[in-house]
Amino acid sequence: MAGGLLVSGAIAALFAAAIPTQGPGSSFEDPPPEKIVIKVATVNGSGCPAGTAAVAVSGDNTAFTVTYSDYLAQVGGNADPTAFRKNCQLSLLVHVPAGFTYAIASADYRGFASLQRGASAMQRASYYFQGSPSTVARTHSYNGPLNDNWQASDVTDWAQLVYAPCGAQRNFNINTELRVNKGSSTGSSFMAMDSTDGDINTTYHMAWQQCPPKK
């Protein structure tokens with residue numbers, strides 16, 4: 001996970017319809033050509049052991065994807081008693097072009113769940129900037145019987161978007177969790193957020209805003 005992930009090219013899409021008006025002189029017609037750099041500062045948790053989570057940035061700089069290969073919570077059968085809950089904390093260092101800032105507008109999660117009748121599961125995520133008192137959390141619940149792919153989306157109203165402070169470098173933190181409850185079920189149940197088939201991942205969509213000019 002060491003090193004930065006570079007994506008070349010100008011910002012081609014800036015979620016223009018979602019960006020608040022900045023007043024006279026603001027323009028998104030000539031976005032800066034600098035690269036976006038996302039560096040994984042730390043990644044830890046029972047759901048993302050070393051080397052099992054990867055981050056990539058989209059070509060138009062409006063999203064980044066986290067792919068997991070060992071993120072699975074399970075109960076019953078031969079499962080370890082502590083395996084019912086798995087979590088992953090990502091701390092990302094995001095460098096954006098000068099004069100711009102960003103917020104996470106939405107997040108899409110996908111995985112696979114096998115829940116026996118009587119069992120339940122939940123997926124939870126929280127988002128916050130380093131040093132900020134504002135934390136946004138979302139939870140999605142699932143009940144057995146279920147044996148299928150699952151998908152969840154967290155969407156933030158544009159008026160409630162929390163942007164990174166202009167002119168300050170703050171790590172962006174994402175804490176996700178999977179939890180499975182055996183309930184009245186028999187046998188084993190599990191919920192996974194991984195990349196077993198190369199098509200299961202988590203995508204975070206970014207909204208852009210122009211910083212006010214320095215005085």
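Predicted model: local features only at pLDDT ≥ 70, side-chain atom pairs only at ≥ 80, totals over all residues.

Colleague: Fine, cysteines to begin with. How many disulfides are there?

Modeller: The count comes to two disulfides, and with the bonded cysteines counted along the chain they follow the pattern 1-2, 3-4.

Colleague: Which cysteine is joined to C48?

Modeller: C48 is joined to C88, with an S to S distance of 2.1 Å. The torsion about that S-S bond is about 100°, so the disulfide of C48 and C88 is right-handed. Because C48 sits in the loop between strand 2 (36–44) and strand 3 (53–57) while C88 belongs to strand 6 (residues 85–95), the link ties together parts that are 40 residues apart in sequence.

Colleague: Are those two buried or exposed?

Modeller: C48 has a relative accessible area of 2% and is therefore buried, and C88, at 1%, counts as buried as well.

Colleague: And what about C166, what does it bond to?

Modeller: C166 forms a disulfide with C211, their sulfur atoms being 2.1 Å apart, and with -95° about the S-S bond this link is left-handed.

Colleague: Is C166 buried or partly exposed?

Modeller: At 39% relative accessibility C166 counts as partly exposed, whereas C211, at 16%, counts as buried, since the cut-off for that class is under 20%.

Colleague: Switching to the rings now, how many aromatic pairs do you get?

Modeller: There are seven aromatic pairs. Y68 is buried because its relative accessibility is 1%, and Y71 is buried because its value is 0%.

Colleague: Which residue pairs with Y109?

Modeller: Y109 pairs with Y204, again edge-to-face, at 5.8 Å centre to centre and with 90° between the planes. Y109 is in strand 7 (residues 100–115) and Y204 in strand 13 (residues 202–210), so the contact ties together parts that are 95 residues apart in sequence. Y109 counts as buried because its relative accessibility is 0%, and Y204 is buried with a relative accessible area of 0%.

Colleague: Which residues make up the aromatic cluster around them?

Modeller: One aromatic cluster is formed by F64, Y109, Y127 and Y204.

Colleague: Back to strand 7, then. How many of its residues are buried?

Modeller: Strand 7 is mostly covered, with 13 of its 16 residues buried.

Colleague: And how many bridges join it to strand 13?

Modeller: Nine bridges join strand 7 to strand 13, and the two run antiparallel; within that pairing, D108 has T203 of strand 13 as its bridge partner.

Colleague: What else does strand 7 pair with?

Modeller: Strand 7 also pairs with strand 10 (residues 146–155), in the antiparallel sense and over 10 bridges, where the partner of S106 is V155. With strand 12 (residues 189–192), strand 7 makes an antiparallel pairing over three bridges, and there F112 stands opposite A192.

Conventions:
Residues numbered from 1 in each chain as written. Heavy atoms only, no water. Phe/Tyr/Trp six-rings, centres within 6.5 Å; stacked < 30°, edge-to-face > 60°. Buried < 20%, exposed > 50% of the residue type's maximum accessible area, 1.4 Å probe, protein only. Helix = DSSP H or I, 4+ residues; strand = E, 2+ residues; numbered from the N terminus. Pairing = 2+ DSSP bridges. Disulfide = S-S within 2.5 Å.
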